[in-house]
Amino acid sequence: MPANLLNLPAYTVVALEKSEYDYHIDAEVKRAVTHCIHCQAENPQGFGRREQVVKDLPMHGKRVGIYVTTRRYRCRACTKTFYEPLPDTDEKRAMTTRLVAWMGKQAIKRTFASIADEVGCTEFTVRAVFSDYVNELERTIRFETPKWMGIDEIHLIKPRGVITNIQNNAVVELLANRNKETIIKYLSGLQGKESIQYVAMDMWQPYKDAVEVSLPQARIVIDKFHVVKMANEAMERVRKSYRESLTPNQRRGLMHDRFVMLKRESELNDREVLLLSGWLKNYPELGLAYRLKEDFVKIYDAKTKEEALRRFVAWEIAVTADVRDAFQDLIRAWRNWQPYILAYFDHPVTNAYTESLNNLVRVMNRIGRGYCFEALRAKILFSEGAFKKQTIKPKFERRREPQVATRNFEMALMREMPAYAFTAAHQPNEPAREINFGADISTLVRLIESGEL
Ligand SMILES: [Zn+2]
């Protein structure tokens with residue numbers, strides 16, 4: 001019997017049996033117990049045996065069970081009994097340490113059910129192993145608290161709160177929901193929360209309330225994207241209001257060409273301009289709504305918030321009674337959130353960030369199926385290879401003993417060797433520091449799109 005079959009040096013393999021799905025391996029612990037585990041007294045006496053089954057890494061596509069005949073001892077000094085400890089075995093469950101480590105990593109990539117099936121354990125056990133693994137990651141991985149924080153919504157089975165580092169384009173947390181209490185709990189516990197300067201968000205009252213309670217120093221900024229989205233929605237409302245009066249053919253045509261209306265006028269090609277003018281001529285209210293949408297987006301071309309406000313006031317006057325209903329939500333949102341919408345003009349969120357977050361939102365539903373929220377959260381936050389890190393070098397410090405270099409130079413001349421060979425490395429006061437900004441959003445999108453996550 002090859003003793004190294006398991007590649008666990010602490011064990012001797014004594015027998016191997018295999019079936020279609022399983023390996024049954026009999027093994028013994030090589031080193032006998034010499035001391036009592038309670039009082040360390042020497043030479044405990046044998047006190048029977050029992051067989052223990054320890055699950056190990058699947059091998060050749062089969063589940064692996066190791067049958068260890070565990071010796072029981074009785075201490076001659078303290079009279080307590082004990083079983084010999086099994087090396088390389090998890091403390092909590094009858095599994096090898098390496099199996100537990102493997103399952104934790106796998107549980108971030110795969111469903112619990114598929115791992116349970118491969119190992120030959122229950123899903124409940126996979127969940128417990130996964131939970132321990134994530135707790136360990138939480139203890140060891142710390143993301144830098146962003147100066148510019150984003151609070152957004154992402155759909156994973158249901159709406160979740162996603163916390164981002166805007167300047168570094170990274171996800172730092174995924175919250176089970178987007179309730180005020182959940183966000184307050186998260187923000188309040190955040191290390192270095194005083195250094196958060198800006199929080200960009202959607203017009204969602206619980207976000208605002210939570211930030212005002214937990215981060216009184218931070219300025220709230222409403223990202224342009226969320227506001228412009230409402231202008232597009234208003235125009236869509238007008239388009240849909242025509243549905244009743246159209247033939248099925250016309251309705252399909254209008255549906256098909258709606259993309260030209262959602263585009264900005266300046267980005268249309270000749271064919272699209274023609275297409276658009278046809279629709280707008282035939283449907284005057286749609287023409288008006290399109291014009292209002294375009295003019296609204298132009299508010300964002302303003303260079304200052306004062307100018308933006310002037311543009312909005314002029315824009316609102318132009319919203320005539322014919323289409324007022326469709327634009328009512330947008331006008332109300334602007335009124336309710338005006339200072340925060342205008343704050344954008346002092347502190348704009350980059351398009352690159354908004355775009356990559358939208359990409360993430362778009363591909364997210366691909367990974368939702370078959371996973372609980374905790375697993376999805378771990379996938380997003382702790383996937384290997386997605387971390388955005390930066391090494392901060394210690395401050396440059398002038399070396400303290402300039403004469404050393406001179407002396408080394410003289411020695412080098414004597415020995416005909418280059419002087420740098422003798423120059424001792426200068427030891428800086430502080431070591432280099434590694435900062436982890438979170439899971440890089442573009443990398444996450446790529447991993448999800450290629451099916452690696
Ligand atoms: Zn003892």
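Trainee: Which hand does the crossing of α4 and α5 have?

Mentor: Quick background: this is a predicted model, where local features need pLDDT of at least 70, side-chain atom pairs count only at pLDDT 80 or more, and totals for chains, interfaces and linings use all residues. Residues are numbered from 1 along each chain as its sequence is written. Helices (H or I, at least four residues) and strands (E, at least two) are DSSP runs, numbered from the N terminus, and a crossing is left-handed if the near helix is turned anticlockwise from the far one by less than a right angle, right-handed if clockwise. For α4 and α5, the crossing is right-handed.

Trainee: At what angle do α4 and α5 pack?

Mentor: Axes here are lines fitted to C-alpha atoms, for helices over the stretch in contact, and angles run from 0 to 180 degrees between N-to-C directions. Helix α4 covers residues 180-188 and helix α5 residues 205-214, with their axes 9 Å apart. The packing angle is about 35 degrees.

Trainee: How many nonpolar residues does the contact of α4 with α5 have?

Mentor: Two residues are in contact if their C-beta atoms, placed from the backbone, lie within 7 Å. On the α4 side you get Lys180, Ile183, Ile184, Leu187 and Ser188, and they meet Pro206, Tyr207, Asp209, Ala210, Val213 and Ser214 in α5. For the classes, Ala, Val, Leu, Ile, Met, Phe, Trp, Tyr, Cys and Pro count as nonpolar, Asp, Glu, Lys and Arg as charged, and the others, Gly among them, as polar. Alongside 2 polar and 2 charged residues, the nonpolar count is 7.

Trainee: How is α2 placed relative to α3?

Mentor: Helix α2 (residues 112-119) and helix α3 (residues 123-140) pack at about 110 degrees, with their axes 8 Å apart. Angles under 35 degrees count as roughly parallel, over 145 as roughly antiparallel, 65 to 115 as roughly perpendicular and the rest as oblique. So α2 is, relative to α3, roughly perpendicular.

Trainee: Which residues of α3 make that contact with α2?

Mentor: From α2, the contact uses Phe112, Ala113, Ile115 and Ala116. By class, the contact has 6 nonpolar, no polar and 2 charged residues. The α3 residues are Glu123, Val126, Arg127 and Phe130.

Trainee: Moving on to strands, which residue of β4 is the bridge partner of Ile25?

Mentor: Two strands pair if DSSP finds at least two bridges between them. Strand β2 (residues 22-29) and β4 (residues 62-74) run parallel and are joined by 6 bridges. The partner of Ile25 is Ile66.

Trainee: Which residue takes a positive phi in the hairpin of β3 and β4?

Mentor: β3 (residues 45-59) and β4 pair in the antiparallel sense over 11 bridges, and Glu51 stands opposite Thr69. Their hairpin has 2 residues between the strands. The one with a positive phi, near 50 degrees, is His60.

Trainee: And in β5, what is the bridge partner of Tyr73?

Mentor: β4 pairs with β5 (residues 81-83) in the antiparallel sense, over 3 bridges. Their hairpin has 6 residues between the strands, and Thr79 takes a positive phi near 65 degrees there. Tyr73's partner is Phe82.

Trainee: Last one: which strands stand at the edges of the open sheet of 7 strands?

Mentor: The order is β10-β9-β6-β7-β8-β12-β11, and the pairing is mixed. Each edge strand has a single partner strand, so one side of each is left without a neighbour in the sheet. Those strands are β10 (219-222) and β11 (387-392).
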